[in-house]
Amino acid sequence: MGKRDDLIAQYADDLRNKCGIVPDMDLLTKVTIGCGPAIYNADASTVAAGQPGEIETVKQNFLIKKLGLADGPHLTDAINQVIETYGRSERNKYRAVVYYMLTKHFGKEAVYG
């Protein structure tokens, strides 16, 4: 297994054990690939949920640009819901896991068709 496969296994483990979600491995793999090289960078691979700028980045770059959602307070609400599910106290909130949960939340799996 390569480094990406190891990371996907780690993300699946987080979904199962920290979020109580049984992951769709095919979708998780596609979301992880969609994150690009960011998954290999310690800082970029995680979402700093306590920083308003980071929440805005997730909203603008992922929800609006990637998933094609219209801007509105429901986007920030969804991000906060996902962060709560992951656990606010959880130090490493992996970007691929957050993006996966947001994709499922909005029913946008087709984006990764």
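Before the list of residues, one cut-off: a residue is called buried here when its relative accessible area is under 20%. Please also keep in mind that this is a predicted model.

With that cut-off, look at helix α5, which runs over residues 95-105. Its buried residues are R95, A96, V97, V98, Y99, Y100, M101, L102 and T103. That makes 9 of the 11 residues of α5, so the helix is largely enclosed by the rest of the structure. What does the covering of those buried residues include? It includes α1, α2, α3 and α4. Just after α5, G107 takes a positive phi of about 65 degrees.

Next, the nonpolar core. The largest one has 34 residues, and those with the most contacts inside it are Y11, L63, V98, M101 and L102. At least two residues of this core come from each of α1 (3-17), α2 (25-34), α3 (52-66), α4 and α5. Which helix gives the most? That is α5, with 7 residues. As background, nonpolar side chains in soluble globular proteins tend to be buried together.

Take L63 from that list. Leaving out residues up to four places away in sequence, L63 touches G68, L69, L75, I79, L102 and F106, among others.

Now the aromatic side chains. How many aromatic pairs does the structure hold? There are 2. In one of them, the rings of Y11 and Y94 have their centres 5.3 Å apart and their planes at 45 degrees, so this pair is tilted. Y11 sits in helix α1 and Y94 in the loop between α4 and α5, 83 residues apart, and the pair thus links distant parts of the chain. Both Y11 and Y94 are buried.

F62 and Y99 form a stacked pair, with 3.9 Å from centre to centre and 10 degrees between the planes. This pair also links distant parts of the chain, with F62 in helix α3 and Y99 in helix α5, 37 residues apart. F62 counts as buried at 3% relative accessibility, and Y99 is buried with a relative accessible area of 9%.

Two lysines deserve a look. K93 is found in the loop between α4 (73-86) and α5. K93 is buried yet has no salt bridge. How far away is the nearest side chain of opposite charge? That side chain belongs to E90, and it is 7.2 Å away. A polar atom of the K93 side chain does lie 3.1 Å from the backbone oxygen of R88. Beyond four places in sequence, K93 touches S45, T46, V47, A49, I83, Y86, G87, R88 and V98. V98 is also one of the residues with the most contacts inside the largest core.

The other lysine, K59, is found in helix α3. K59 counts as buried at 10% relative accessibility. Its contacts outside the four neighbouring places in sequence are I64, D71, L75, T76 and I79. L75 and I79 are also among the residues that L63 touches.

Last, C19, in the loop between α1 and α2. Is C19 buried or exposed? C19 is buried, with a relative accessible area of 12%. Setting aside neighbours within four places, C19 is in contact with D14, T85, Y86 and M101. Y86 is also touched by K93, and M101 is on the list of buried residues of α5.

That is what I have. Comments are welcome.

Methods. Residues numbered from 1 in each chain as written. Predicted model: local features only at pLDDT ≥ 70, side-chain atom pairs only at ≥ 80, totals over all residues. Heavy atoms only, no water. Helix = DSSP H or I, 4+ residues; strand = E, 2+ residues; numbered from the N terminus. Buried < 20%, exposed > 50% of the residue type's maximum accessible area, 1.4 Å probe, protein only. Lys, Arg positive; Asp, Glu negative; His and termini not counted. Salt bridge = Lys/Arg side-chain N within 4 Å of Asp/Glu carboxyl O. Polar contact = N/O pair within 3.5 Å; in protein donor to acceptor, adjacent residues only side chain to side chain. Contact = heavy atoms within 4.5 Å. Core = buried A, V, L, I, M, F, W, Y, C linked by side-chain atoms within 4.5 Å. Phe/Tyr/Trp six-rings, centres within 6.5 Å; stacked < 30°, edge-to-face > 60°.
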